[in-house]
Amino acid sequence: MEDQKIIQESERYLSNARELLKKAGRENGYFCDPKYVRSACGVAYLGSVLATDAYLAKKGKVIVKKKGSRKNVDAYRRLLALLNRKVLHSFNSAYNVLHIYGYYDGELNAKIINVGFDAVEELIDAAKK
């Protein structure tokens, strides 16, 4: 897929994730429905992976996965550490907040979840440059 299309797809994922968060409802700084929060975090994290792939492609780098395996988060971290520490920090924030705290742990604190969404926006911006 062409870089620009990947960036557009990551923006679409982020937009869809925001719509899911609206369905979760919000009260006193916390989301009310963990099902929608988890779904939104999963979708937003996938958008961050797409944006990171687009960023790496623009830098002439590609994450190569071994046959029969998945891409590894550590491979992303190694490449990003060599290329751009700021992008690495955004990737780590997206991974930790959205994938681990939001998706797996079911975090409902809106401030924390918003940090993850901000990290995805930063990754998309980096991919666009």
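Is Ser-48 buried or exposed? Ser-48 is buried, with a relative accessible area of 0% (buried means under 20%, exposed over 50% and partly exposed in between, using a 1.4 Å probe and protein chains only). The model you are looking at is predicted, so local features need pLDDT of at least 70 and side-chain atom pairs count only at pLDDT 80 or more, while totals for chains, interfaces and linings use all residues. Residues are numbered from 1 along each chain as its sequence is written, and side-chain values use heavy atoms, leaving out hydrogens and water.

**Helix α2**

- Helix α2 covers residues 34–58 (helices are DSSP runs of H or I with at least four residues, numbered from the N terminus).
- Its 25 residues reach 36 Å from first C-alpha to last, close to the 36 Å expected at 1.5 Å a residue (the expected span is 1.5 Å times one less than the number of residues).
- At the start of α2, a side-chain oxygen of Asp-33 comes to within 3.1 Å of the backbone nitrogen of Lys-35.
- Lys-35 also lies over the face of Tyr-36, at 4.9 Å from the ring centre (this needs NZ of Lys or CZ of Arg within 6 Å of the ring centre and within 35 degrees of the ring normal).
- Gly-60, which follows α2, has a positive phi near 80°.

- Ser-48 lies in helix α2, and a polar atom of its side chain is 2.6 Å from the backbone oxygen of Tyr-45.
- Leaving aside neighbours within four places in sequence, Ser-48 is in contact with Ala-94, Val-120 and Leu-123 (contact means heavy atoms within 4.5 Å).
- His-99 belongs to helix α4, residues 85–104, and is buried at a relative accessible area of 18%.
- Not counting residues up to four places away in sequence, His-99 touches Tyr-45, Ala-94 and Tyr-104.

**Aromatic pairs**

- Searching the whole structure gives three aromatic pairs (rings of Phe, Tyr and Trp, the last by its six-membered ring, pair if their centres lie within 6.5 Å; planes under 30 degrees apart are stacked, over 60 edge-to-face and the rest tilted).
- One of them is stacked, because the rings of Tyr-76 and Phe-91 have centres 5.3 Å apart and planes at 25°.
- Tyr-76 sits in helix α3 (residues 73–83) and Phe-91 in helix α4, so this pair ties together parts 15 residues apart in sequence.
- Tyr-76 is buried at 4% relative accessibility, and Phe-91 is buried at 0%.
- Tyr-103 and Tyr-104 form an edge-to-face pair, because their ring centres are 5.1 Å apart and their planes are at 80°.
- Tyr-103 counts as partly exposed, at 37% relative accessibility.

Conventions:
Helix = DSSP H or I, 4+ residues; strand = E, 2+ residues; numbered from the N terminus. Polar contact = N/O pair within 3.5 Å; in protein donor to acceptor, adjacent residues only side chain to side chain.
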